[in-house]
Amino acid sequence: MQRIHDIYRPTEERAHDWREVERMLTEDELKAQTTRCMNCGQPFCHAYGCPLGNRVPDQNRAVAQGNWRRAYELLAANSDFPEFTSRICPALCEASCVHGLDEESVMVRQSEKRIIETAFANGWVVPRPPEKENGKSVAVIGAGPAGLSAAVTLRRRGFAVTVYERRANIGGLLRYGIPCFKLDKSLIDRRRAVMEAEGIRFVTGCEVGNDVSAEWLAKRHDAVVVAIGTPAARDLKIPGRELGGIHLALELLEGQNRFLTGEIAEPPISAKGKNVLVIGGGDTGSDCVGTSIRQGAASVTQIEIMPRPPDVRDASTPWPLWPYMLRTSSSHKEGCERRWNLNSLRFISRDAVPSAFACVTGVEVETVEWELSPEGRPMKFQSVPNSKEVIKADLVFLAMGFTGVPADNPIVKQLKLAQTPRTALVQDSSRNIYCAGDCASGASLVVRALASGKNIPLN
């Protein structure tokens, strides 16, 4: 039995709508796929791969036997939000699957998706309020993955939990960063209803640090959990940055999501009929590609300063490590030119003197060569002589990651939180102030943020 690769809706269909790109695999397909898991002697997927510690082999056995109720019970024992991870997790568990040693790994994410949707359809997902209240209260600042995870965990320990969120709705990057074609936002609303039934209170449209003091929350509650993510995006300060038509990636992604969910009347940025350039080769850049294609871009190019990864697992990341290798997303397959080893030098406009009133028309880049480490990983680069060129662009999106939490953040100042040299927040358990997710670890995966929220050392 081979792994199924046909997991997406047809390209000519999905590239013109905003519905989720992945199709739902059938029960028969997944029963056959999960039987591939049954001969494993040592489940690295559980012990090494999954930050949540999901019991993957047990779940797969239940699916293979057609016992979906049991599969859900096993999944829910470790994962509070499988409807999210089953859609957007890169599946670290699959990278450490024993099958991956000599063939393709077992499908896990798609099985998880079918399990949780079957559970919701059959009414198995019910509120789980605490058996006993402990008389203490917690304020959670931030309703992204880490904040939601902390809220559920602490509520089940008996705390009265109030989650404060500056935006109009909960979800953080789940709602405002990840495109609707990867994660339908109604799933967040569905989970919110369950959480509220468990007794979790949400206060949205409230910016802690401005609308209400973080210091006041710390005095009012027995504990505070700070889960504000990494709000500072990495910018590209090269000549011409002030030109019109150059945006940080989340300006596009958040605006489009807010439009699709009815928060605003129209998207603030449109790629329709434009030549789009995405600078940054990660997942956020891929999301900009897919969004631009759906908006009707004339062309989409994505460039990356790093070298092109190998097509197969690189020797520098042997099993069961997360493999360094080329990854092609569903958005890339919808029509995108990808280029590597390009360093951006300056933004160009038709005007002789760039200004905020002029619009970008291109980006001057040059080819670079990388020096590799003994393990084969890129270390440092140098420019290739006479390799400069201009890539035409009417619209540029900067998708180069996030840099951490600014030191002047009001929450950091009001709670007097220390920061690491890389601006991650340091919790102070002596004052019952805890930090979870990206603000504590640096920008990472949703599944790691969820795991961080589950591990708040507060009882």
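Strands here are DSSP runs of E with at least two residues, and helices are runs of H or I with at least four, both numbered from the N terminus. In this predicted model, threonine 230 lies in the loop between strand S4 (223-226) and strand S5 (232-233).

**Threonine 230**
- Threonine 230 has a relative accessible area of 10% and is buried, because buried means under 20%.
- Leaving aside residues up to four places away in sequence, threonine 230 touches Phe402, Gly404, Asp438, Cys439, Gly442 and Ala443.

**Aromatic pairs**
- A pair of aromatic rings is described by the distance of the centres and the angle of the planes.
- With ring centres required to lie within 6.5 Å, the count comes to four aromatic pairs.
- One of these is formed by tryptophan 18 and phenylalanine 181, with 6.3 Å centre to centre and 40° between the planes.
- Tryptophan 18 is in the loop between helix H1 (11-14) and helix H2 (27-34), while phenylalanine 181 is in the loop between helix H10 (173-176) and helix H11 (186-197), so the pair ties together parts that are 163 residues apart in sequence.
- The two partners are described separately for accessibility: tryptophan 18 is partly exposed at 22% relative accessibility, whereas phenylalanine 181 is buried at 1%.
- Phenylalanine 81 and phenylalanine 84 form another aromatic pair, with 5.6 Å centre to centre and 5° between the planes. This pair counts as stacked, because its angle of 5° falls under the 30 degrees limit.
- Phenylalanine 81 is buried at 2% relative accessibility, and phenylalanine 84 is buried at 1%.

**Charges over rings**
- The ring of tyrosine 324 has the charged end of arginine 377 over it, 4.0 Å from the ring centre.

**Crossing of H5 and H8**
- Helix H5 (residues 68-76) and helix H8 (residues 109-121) have axes that come within 9 Å and cross at roughly 105°.
- H5 and H8 are therefore roughly perpendicular to each other, a class that covers angles of 65 to 115 degrees.
- On the H5 side, the contact involves Trp68, Ala71, Tyr72 and Leu75. They meet Glu112, Arg114, Ile115, Ile116, Thr118 and Ala119 in H8.
- By class, the contact of H5 with H8 is made up of seven nonpolar, one polar and two charged residues.

**Backbone geometry**
- Tryptophan 319 and proline 320 are joined by a cis peptide bond, with omega about 10°.
- Proline 320 is placed in the loop between strand S8 (299-303) and strand S9 (337-339).
- Alanine 91 is not a glycine, yet it has a positive phi of about 65°. Alanine 91 is in the loop between helix H6 (82-88) and helix H7 (92-95), and is buried at 6% relative accessibility.
- Threonine 423, also a residue other than glycine, has a positive phi near 75°. Threonine 423 is in the loop between strand S16 (418-419) and strand S17 (425-426). At 24% relative accessibility, threonine 423 is partly exposed.

How values were computed. Residues numbered from 1 in each chain as written. Predicted model: local features only at pLDDT ≥ 70, side-chain atom pairs only at ≥ 80, totals over all residues. Heavy atoms only, no water. Phe/Tyr/Trp six-rings, centres within 6.5 Å; stacked < 30°, edge-to-face > 60°. Buried < 20%, exposed > 50% of the residue type's maximum accessible area, 1.4 Å probe, protein only. Lys NZ or Arg CZ within 6 Å of the ring centre and 35° of its normal. Contact = heavy atoms within 4.5 Å. Axes fitted to C-alpha atoms, helices over the stretch in contact; angles between N-to-C directions. Parallel < 35°, antiparallel > 145°, perpendicular 65-115°, else oblique. Nonpolar A, V, L, I, M, F, W, Y, C, P; charged D, E, K, R; others polar.
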